[in-house]
Amino acid sequence: MPNDDAPRRITLPRKGPLLVEGPVEVELEDGTLVSSDRFRVALCTCHRSRRYPWCDTSHRRSAPPRETRQ
């Protein structure tokens, strides 16, 4: 079992929202590591965030309209 004080490392998938209890260390596709010591982080998976990989809710403003079923 890892030490609870140690940062968690995760690999960011292309799809799916992620809420992760911190601290965290995130490995991006290019191998770059970014970290946060917050108790919970939201990770952007839509690539619209100005603070990528951290979610800034940009997906809410620029999301395509949902199709409605009839």
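Student: Before we start, what do buried, exposed and partly exposed mean here?
Tutor: Buried is under 20% relative accessible area, exposed is over 50%, and partly exposed is in between, with a 1.4 Å probe and protein chains only. This is a predicted model, where local features need pLDDT of at least 70, side-chain atom pairs count only at pLDDT 80 or more, and totals for chains, interfaces and linings use all residues. Residues are numbered from 1 along each chain as its sequence is written, and side-chain values use heavy atoms, leaving out hydrogens and water.

Student: OK, so how does Ala 42 count?
Tutor: Ala 42 counts as partly exposed because its relative accessibility is 30%.

Student: And which strand is Ala 42 in?
Tutor: Strand S5, residues 40-43. Strands here are DSSP runs (E, at least two residues), numbered from the N terminus.

Student: What does Ala 42 touch?
Tutor: Leaving out residues up to four places away in sequence, Ala 42 touches Leu 18, Leu 19, Pro 53, Trp 54 and Cys 55. Contact means heavy atoms within 4.5 Å.

Student: Is Cys 44 buried or exposed?
Tutor: Cys 44 is buried, because its relative accessible area is 2%. Cys 46 is partly exposed, at 33% relative accessibility.

Methods
Helix = DSSP H or I, 4+ residues; strand = E, 2+ residues; numbered from the N terminus.
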